[in-house]
Amino acid sequence: MSGLEDLYREIILDHYKNPRNQGELPTPPAVVEQGHNPLCGDEVFVYIEMDGDTIADIKIGGQGCSISRSSASMMSTAVKGKNSEEVHELIHRFKAMMSVEEERPGHEGEADLKEFGELAALQGVVKFPVRIKCATLAWNTLNQALERVQQAG
Amino acid sequence: MDSLSATEIDQMDRVGNRTVAEIRKDFPIYRRAQDSAFVFLDSGASSQKPTAVLDAMDTYYSTTHANVHRGVYAIAERATELYENARVTLGRFIGAPKPAREIVFTKNATEAINLAAYSLARNLLRSESVVVLTEMEHHANLVPWMILKEQIGFEIRYIPFDADGFLDLSHLDEILDGSSIVAATMASNVFGTLTPIKELAEAAHSKGAIFLADGAQYVPHYKIDVKELGIDLLAMTGHKMLGPTGIGALWGREELLKKMPPFMGGGDMIEDVRLDGFTPNEVPYKFEAGTPPIAEAIGLAEAVRYLEAIGMDEIRLHEESLLDYALKTIGENFGDSVVVYGPTDATKKGGVVSFTMEGVHPHDLSQILDQSGVCVRAGHHCAKPVMKRLGVGATARASFYIYNDKSDVDSLVEALAKAQAFFA
């Protein structure tokens, strides 16, 4: 199963089998956004509750494959407690990692990937272009949720 | 499985009087794939193409290409003849009483349904009208009606299906009451279950409704006779029946087609154009605006001849034997950890197995199967309402055709075991 280990790292399978921050948050005060992957039917609900400019709490709902679920789970642990600027920066960098064209962190700076922590495990997804959308689904949805917070604020 | 008879194995490895090994030699993709395992179990999405089809198109382009219905020079006339012959070949294949006048070439089954829906809607549908569909339609036979409903405001009713994927006809009379159009799939692309088309067409007619059958998943696998079924319109697609992509057809009874207004406007579909108006051409040309997919129609006709040479009844027998073996083997090897949707009796369904594996999302399953060269579809199969009913976001689906044999089912089962171990 060469190649598969790149896609299904141990850490990804762990987040898939034991997803973090699963569930719902009451809205309001939380905000919820729904994301779909029309190709495969994956769906995700991202609930965020802000404390000022900081994501105080985040919950993930919906269903999907191991890549979309683990990416959402890792995202939830990565953004909890961060302010919106930090989160936007992380979303940007994650999407850059998932992009074949845009400049990717990691090549010139291993340090960048280290900062990514567990999320770096998802890097192997880039080799499977069809699955990139699975990995970015929760991140795009989080971005929409933040936009909604901004509009409301 | 311990009790396979020689006849059973033979039926899986043979279609009519040809072995699957021989048939595969007709499909260049099997030659290319010789170096690595190639277990193609996704013909329900699109079938592979035999050399005869590719050659027919190639020869046409290399020797005869010119636009149809226009030029008076020799190759233009020859192109027209080939294109019109393709129409007749396809028409005869489905038992059309007037094959030359009742087959409208389209891009695919989706376009055929859109053509029928838009054209019928203009004369037939008002805000108080009722259109009846089934709950197991794929998106092609849902969304066109939904778009028209937004515009016209008619009611859409659905014939439900039961837990095994069969239509529940217990309230059929009530559901059909007051309907103008009834449109139903002939075979579910998720369950493989067959719909009682003849019964539905009769019931629709008893209410004065027009009946459209979606044959996308049926026509490639079964002998069909539109007269005997008593339907009014049939949508089909070429690429699922060994033909090229970009060609499908709508069959309609001539009298009905004559009454239906054109769908798309342009060249070839008119008899006369003045600055103050136009006169549409006769059927079927009034529905074929612009230069048609000529090479594709010729390729599809060749695919029909290929299927006829093998024999539709033989194809069905072969698929049924593979299906039966697959259902039994999956059941024996995986028990409750693999859920198969639809009936487990192979005689009651087409060559399609939709399933989910406990703890492994269909996407992941499909990806891991791919490592063993096993190609299956994973997703919602363009039937999201069906997925919702089943309470799943997606399923994996293996589907069989003439180039599949017992070893393909064995490869599938082996690869499934690997996937289960990987995610355990």
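Colleague: Quick one to start: is Met146(B) buried, partly exposed or exposed?

Modeller: This is a predicted model, and in it Met146(B) has a relative accessible area of 37%, which means that it counts as partly exposed, since that class lies between under 20% for buried and over 50% for exposed.

Colleague: Where does Met146(B) sit?

Modeller: Met146(B) belongs to helix H8 of chain B, which covers residues 143-152, and together with Val143(B) and Ile147(B) it makes a nonpolar surface patch of about 220 Å².

Colleague: Changing topic to the two chains: how many residues are in contact between chain A and chain B?

Modeller: On the chain A side there are 23 residues in contact with 17 residues of chain B, and the two chains bury about 1,600 Å² between them, with 57% of that on carbon and sulfur atoms.

Colleague: And how many salt bridges does the rule find across that interface?

Modeller: The rule finds 1 salt bridge there, formed by Arg131(A) and Asp364(B), whose closest N and O atoms are 2.7 Å apart.

Colleague: Which elements of chain A give two or more residues to the side that touches chain B?

Modeller: Those elements are helix H1 (4-7), helix H2 (10-17), helix H3 (66-79) and helix H6 (129-152) of chain A. As for polar contacts, the count between chain A and chain B is 8 residue pairs.

Colleague: How many salt bridges are there over all chains?

Modeller: The search of the whole structure finds 32, and one of them pairs Arg87(B) with Glu288(B), with the closest N and O atoms 2.7 Å apart. That pair links distant parts of the chain, 201 residues apart, because Arg87(B) is in helix H5 (residues 74-93) of chain B while Glu288(B) is in the loop between strand E12 (277-280) and helix H13 (294-310).

Colleague: Are Arg87(B) and Glu288(B) buried or exposed?

Modeller: Both Arg87(B) and Glu288(B) are buried.

Colleague: What about Glu254(B), which residue does it form a salt bridge with?

Modeller: Its partner is Arg101(B), and their closest N and O atoms are 2.5 Å apart. Glu254(B) is buried, at 6% relative accessible area, whereas Arg101(B) is partly exposed, at 28%.

Colleague: Last one: where do Glu302(B) and Arg305(B) lie?

Modeller: Both are in helix H13 of chain B, 3 residues apart, or about one turn of the helix, and they form a salt bridge with the closest N and O atoms 3.0 Å apart.

Technical notes:
Residues are numbered from 1 along each chain as its sequence is written. Chains are lettered from A and ligands numbered from 1 in the order in which they are written. This is a predicted model: local features need pLDDT of at least 70, side-chain atom pairs count only at pLDDT 80 or more; totals for chains, interfaces and linings use all residues. Side-chain values use heavy atoms; hydrogens and water are left out. Patches are made of residues with over 30% relative accessible area and no salt bridge: like charges are joined within 9 Å, nonpolar side chains (Val, Leu, Ile, Met, Phe, Trp, Tyr) within 5 Å. Accessible areas come from the Shrake-Rupley method with a 1.4 Å probe; for residues, only the protein chains shown count as cover. A salt bridge is a side-chain nitrogen of Lys or Arg within 4 Å of a carboxyl oxygen of Asp or Glu. Helices (H or I, at least four residues) and strands (E, at least two) are DSSP runs, numbered from the N terminus. Buried means under 20% relative accessible area, exposed over 50%, partly exposed in between (1.4 Å probe, protein chains only). Contact means heavy atoms within 4.5 Å. Buried area is the accessible area (1.4 Å probe) that two parts lose on being put together, summed over both. A polar contact is a pair of N or O atoms within 3.5 Å; within protein, one must be able to donate a hydrogen and the other to accept it, and residues adjacent in sequence count only if both atoms are side-chain atoms.
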